[in-house]
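Thanks for coming. Please look at the sequence and the structure on the screen before I start.

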Amino acid sequence: MFELIGIPPQALFGQLLLGLINGSFYAILSLGLAVIFGLLNIINFAHGAQYMLGAFVAWMLLNYLGIGYWWALLIVPLVVGAFGIVLERLMIARLYHLDHLYGLLLTFGLALIIQGLLRNQYGISGLPYSIPPQLSGGQNLGFMFLPNYRGWVVVASLIVCVGTWFVIEKTRLGAYLRAATENPTLVGAFGINVPRMITLTYGFGVALAAFAGVLAAPVYSVNPNMGADLIIVVFAVVVIGGMGSILGSIVTGFSLGLIEGLTKVFYPEASSVVIFVIMAIVLLVKPAGLFGRAA
Amino acid sequence: MASLSGAEAAVATKTADAAGSAPLLSVRDLEAWYGESHVLHGVTFDVRAGEVVTLLGRNGAGKTTTLKSIMGILPKRKGSVTFEGREMMHLPARHVARAGIAFCPEERGIFASLDVEENLMLPPEVKPGGMSVEQIFELFPNLKERLSSQGTKLSGGEQQMLAIGRILRTGAKMLLLDEPTEGLAPVIIQQIGRTIARLKEEGFTIVLVEQNFRFASTVADRHYVVEQGKVVDMIQNGELDANIGKIEAYLGV
Amino acid sequence: MADATDTGNTGIAAQQAGAIPTAPGMPRHHAAIFLALLAAGLAAPFFLYPVFVMKVMCFALFACAFNLLLGYTGLLSFGHAAYFGSASYVSAHAAKVWGLPPELAILCGVGAAVVLGLAIGALAIRRQGIYFAMVTLAFAQMVFFFSVQAPFTGGEDGIQAVPRGHLFGLISLRSDFTLYFVVLAIALGGMLAIYRIIHSPFGQVLKAIRENEPRAVSLGYRVNRYKLATFVLSAGFAGLAGATKAIVFQLASLTDVHWSMSGEVVLMTLIGGMGTVFGPLVGAAVIVTMQNYLATMGAWVTIIQGTIFVVTVLLFREGIVGVIAKWMKRTL
């Protein structure tokens, strides 16, 4: 079969793996955006910067405090999530009574500040972060060579995404979140502290982004621009998937990553724009998005 | 104007005399706004523990607004609302709920993204002594069979039972029910009437908003008539028949 | 079509308290300001560097074009650099490679922006509110990636040494001084044209759509047609700004299509005053001046711009001209 396509299997599966890794990041980030948007009705433009911040904090933990990768996976989301909570309480919460677009503008400004500060401090060339020794090396699968760390990225992303989906769709906590997304006033009238739920949800979404940043640190070099271009693609992913469904965001993220990888094999020049082209098609055919809730 | 406030004062006195003890809920000169629109112009009434009291009136009289103001859902309000002696006026809704008041909205508010069981279990316990799930199934056997259905797939009557059932779990002592019989078949309406009677036996205090005063007469102890954002009259249930002409005039029937 | 989370009618541009006047002719205070601008414009090159003022004028036109969409129709396009930058590239190419005189080169640039605006606009208006913003941003990024790869744009280097040429084949524009008055005419003309559009019956419909879209639909207006028309007009004028800028600086580069350029025009409009007539001009002047002074500070420009965004959104949503207008109790 591979002779028919004319591409050696290593190249094909190598690109598919890279696509799957990109898809992992698309999935985690669009999931975080969807969770935040569902309850807050705000598009968190700072999401890319918070992902980048996650990578930087992991790097700082290693280089300033000698704290390694595995602890970073735990500490970084908590630290950056807490930072997100401060942002929400101090600034974002003041905009809830206004048009949603102000939230977009505010978080855009925050993204510029975060990016600018880090660029000022660390420049634009990337900082290296090495793969943790337990995950170095790889497996020879016959049709391709699977680097252990990259396999780990995909597995960890799946665990986090499925775990989040499970909590939201199947647990009591998730029921509170889903109900508050539908009718926050009534949920408040039952005695539930909705503003606190909103704050914690934003913190959780930010923590998801930061977690992705830690995963990304050994794969892409840690640099202040790593979030900006990524977040725009994630926006396209979100428009394609529609933000109505958690599962939809996850599936769309992974699938688009795979499609991007495939495009790189067969038509490399188009790979950076294929997701936008798909977005154009979806807008023509199903504007609410593939998993969108209306019409 | 003077005569109206005189009537209100008369109403309040009638209640206090009838009570002999401090009322559970005391609403005084409640005013409320929807944006710029001044909807309540000074609502005054009392509810004693264990009573079932209805707010009767035409569409737009301000009955639902009154309930929402008591519950703290309406942001722009003024006046006094005391529950168990505590002033509730400037508390956010979640604190009103935690004081022991529960709200069942007119549109029922069943969450579409939750199944029936999740809808039922959603309101947290605010006070000890709420009904158990088994007791709720006794009241509303239909719910037991439909636990895993998606919330809004239930019929209107089932949704109403779910909306009432879920607030019974919380331990709230006072229930605010907004038009529970609206749009329901007579058989279901009777069931709801029996439920309210049963709840009264269990010691709940209920404030009911109703347009269907015949239904109201089967369950309530007293009726307040609300007109243009004010309470204009109070009628004991026993005296309802004697005043039927007056009531029909109020309701524009 | 719209999902429940979209808000078609938005409060974002309902900053202006006053009604848009429909009386024929401009209200006197607006006419006075335009005349003052003309006078200042004519005098400026004698006191300030002409290239600097030309830069301000190009960006003022860009911001006014953007404001047509945001301030008056309530649509936030987060990818307006696509039209500014593509016009810049086409105009540069037309002048340098095809040898067209500057007025025709600029026209080509505008044409490219209009076509792009039509294509992107037709797709983007299928969503509303936040989704609309994200879609426009995504498409602009597509234009950016295309510009990085396409041969004619020169990639990282851009198109350099664009000839200023001879206006109408007669007047050499090599002198900054001469070019200045051409650019003044273009910018002021463009702003006046935008003013006319806003204060026409067409503009009244835009206002109705911005304030209560469902009601406009129920009144029978083909709302999507109006939105698309405004989008194309906005893209066209943005293109005019970009095409002119390419001739002035004799350069078209990736900066012109980058998302940071899209963000800057939003910032100019926001800080100047959304939905005001003269706000975008003031905002452009402020931001261009600031960039000029901070050019040596690298990343600090980004930090400061981000801070201005945050502070303006939280505390200062009417913008500079909005605050002045409120104080003077007139529409500005």
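Predicted model: local features only at pLDDT ≥ 70, side-chain atom pairs only at ≥ 80, totals over all residues.

Residues are numbered from 1 along each chain as its sequence is written, while chains are lettered from A and ligands numbered from 1 in the order in which they are written.

The residue is B:Val53, found in strand β3 of chain B, residues 52-56. Helices (H or I, at least four residues) and strands (E, at least two) are DSSP runs, numbered from the N terminus. Is B:Val53 buried or exposed? B:Val53 is buried, because 23 C-beta neighbours lie inside 10 Å. The cut-offs: 20 or more other C-beta atoms within 10 Å is buried, 12 or fewer is exposed, and in between is partly exposed, with C-beta atoms placed from the backbone.

Now its contacts. Two residues are in contact if their C-beta atoms, placed from the backbone, lie within 7 Å. Beyond its neighbours within four places in sequence, B:Val53 contacts B:Val47, B:Val207, B:Leu208, B:Ala220, B:Asp221, B:Arg222 and B:Tyr224. B:Tyr224 is 171 residues away along the chain, yet the two C-alpha atoms are 7.5 Å apart.

Next, the chains. Chain A puts 14 residues into its contact with chain B, and chain B puts in 19. On the chain A side, α7 (172-182) and α8 (184-189) each give two or more residues, and α7(A) gives the most, with 5.

In the contact between chains C and A, 41 residues of chain C meet 42 residues of chain A. On the chain C side, α5 (129-149), α10 (259-272) and α12 (299-315) each supply at least two residues. The most come from α5(C), with 14. That side has 26 nonpolar, 12 polar and 3 charged residues. Here Ala, Val, Leu, Ile, Met, Phe, Trp, Tyr, Cys and Pro count as nonpolar, Asp, Glu, Lys and Arg as charged, and the others, Gly among them, as polar.

Last, the helices. In chain C, α11 (279-293) and α13 (319-328) pack at about 130°, with axes 7 Å apart. The two helices are therefore oblique to each other. Axes are lines fitted to C-alpha atoms, for helices over the stretch in contact, and angles run from 0 to 180 degrees between N-to-C directions. Under 35 degrees is roughly parallel, over 145 roughly antiparallel, 65 to 115 roughly perpendicular, and the rest oblique.
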